[in-house]
Amino acid sequence: MSSDAPRTVGIRCPRCGAPLEITPESILVVCKYCGYPYWTSQAYVYPIYIVPSYSEHASRFFESWLKTDKDMRKIASRVVLKQVQTTYVPAYLADSYTSTDYYGKLRVRLEKRVTKKDSEGNTYTEIRRKSVTVTVDGHFEKEYQINIVARRSVDKTIVDPILSHFREDYNNRYVTPQPLARADWSKIKGDVLSAEIPPKDAESYARDETCDMLISDVIDGMRRKAKKIAERRNPGWRATSADVLEKKIPCNIEKFQMSPLMLVPYIVALYDYGGKIYKAVFSGWDGMRVWGEEPILPTQRLLYYTAGLTSTGLLAGLGSAILISAIKSGSDPLIGIGLLLVGLLVNGKFASLSIKGARIEKIDDKKKEKESASERLIEWLVKW
Ligand SMILES: [Zn+2]
């Protein structure tokens, strides 16, 4: 968001005279003051819709989250809202009905366990392997929904969850975008990100994406089908993998629909808790929290830390057990060492998580925690 800071090139709003922030990629800029849609070229003049987010929404959504979220409720009295910012992201929603009559040739690997007896009468298992070639064909159809952001660079961690929440509400008609011309700009709040991708580019992107998704779904289906066929033809054998040798998957888009350009609002709230600033993101129309970093509460921190110790115990324990039995039997001790390392890494990850959220702790405490954890682990290993 802030990474692509707009550059003003001296163009003013034709309706109210306010300066417009236009980037070289902009095709549409909406005036922040009066809502006038400014198209950078006459080649781009399309209907635009907006989902309004009103001024009073922003802090109200935050307050209600604070009151209703089970974790936030506990610390609500010590949380101070510092800033709310509403932003509109331009997007298209596409629906694609696709079908294909596919054909594929696959190599399926099969295996079978056979119990045998050696010369001294001890039983042992032997794994037999073989591969067979299977052809599959059939008809497949599916509807794909694709959300397209009309910008080249966006913060995907925020925009993706906003658009999937918007898609759901839009499909269910919980939210009805209105023509931009009818929007009441005296009540609407926020910055409108300029649109950079015109509808025809969005459409070809959505069509390509649809066919990629169709092909990938069909390949998954072909693999499952080929494995089933191979197992049916070879009773007692289990299919382990299927590789595509040849394929024909023509992508037919039977029906394609795309919404007009829509401006979808989200609210970024910055709040203070324990002297640190945290961020939470809400949808601008119904206030659902779609993304956020919550301060981690002491009890949760303890849980993370305990989880760290436990997983080290389990994995490292398993690792040492294997290590010891490997040394005894004279086989490869590397697996044991590997598991031991995994155990240490997992512990490192959980330990850093337990510290990260609660940046209130002093560095000394952090070190102590880590040291004591690894000391305990070493002590415990020495006992073995
Ligand atoms: Zn204006």
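**Exercise 1: an aromatic cluster**

Phe 62, Trp 65, Tyr 271, Tyr 278 and Phe 282 form one aromatic cluster. Keep in mind that you're looking at a predicted model. Your task: pick out Phe 62 and Tyr 271 and work out what kind of aromatic pair they form.

*Solution.* 
- Step 1: Start with what you need. A pair of aromatic rings is described by the distance of the centres and the angle of the planes.
- Step 2: Get the two values. For Phe 62 and Tyr 271 they are 5.4 Å centre to centre and 50° between the planes.
- Step 3: Compare with the cut-offs. Centres within 6.5 Å make a pair, and planes under 30 degrees apart would be stacked, over 60 edge-to-face, with the rest tilted.
- Step 4: Phe 62 sits in helix H1 and Tyr 271 in strand S12, so the pair ties together parts 209 residues apart in sequence.
- Step 5: Check their surroundings. Both Phe 62 and Tyr 271 are buried.

**Exercise 2: the two sides of helix H1**

Find out which residues of H1 are buried, and how they are arranged around the helix axis.

*Solution.* 
- Step 1: Check the helix itself. H1 covers residues 57-68, and at 1.5 Å a residue its twelve residues should span 16 Å. The end C-alpha atoms are 16 Å apart, which agrees.
- Step 2: List the buried residues of H1: His 57, Ala 58, Phe 61, Phe 62, Trp 65 and Leu 66.
- Step 3: Look down the axis. The buried residues of H1 fall within an arc of 165°, so they line one face of the helix.
- Step 4: Recall some helix geometry. An α-helix has 3.6 residues a turn, so residues three or four places apart point the same way.
- Step 5: Turn to the other side of H1, where Lys 67 and Thr 68 are exposed.
- Step 6: See what covers the buried residues of H1: helix H2 and strands S6, S12, S13 and S14 are among the elements that do.

**Exercise 3: the zinc site**

Name the protein donors of the zinc ion and work out the geometry of its site.

*Solution.* 
- Step 1: Find the donors. They are the SG atoms of Cys 13, Cys 16, Cys 31 and Cys 34, lying 2.2 to 2.3 Å from the zinc ion.
- Step 2: Read their spacing along the chain, which is C-x2-C-x14-C-x2-C.
- Step 3: Look at the angles. They run from 104 to 114° among the four donor atoms, and the site is tetrahedral.
- Step 4: Compare with the ideal, which is 109.5 degrees for four tetrahedral donors.
- Step 5: Check burial. Cys 31 counts as buried because its relative accessibility is 0%, and Cys 34 is buried too, at 16%.

Terms used. Residues numbered from 1 in each chain as written. Predicted model: local features only at pLDDT ≥ 70, side-chain atom pairs only at ≥ 80, totals over all residues. Heavy atoms only, no water. Donors = N, O, S within 2.8 Å, 3.2 Å for Na, K, Ca; no water. Tetrahedral: all angles 85-135°; square planar, octahedral: opposite > 155°, others 65-115°. Buried < 20%, exposed > 50% of the residue type's maximum accessible area, 1.4 Å probe, protein only. Helix = DSSP H or I, 4+ residues; strand = E, 2+ residues; numbered from the N terminus. Expected span 1.5 Å × (residues − 1). Arc of directions from axis to C-beta. Contact = heavy atoms within 4.5 Å. Phe/Tyr/Trp six-rings, centres within 6.5 Å; stacked < 30°, edge-to-face > 60°.
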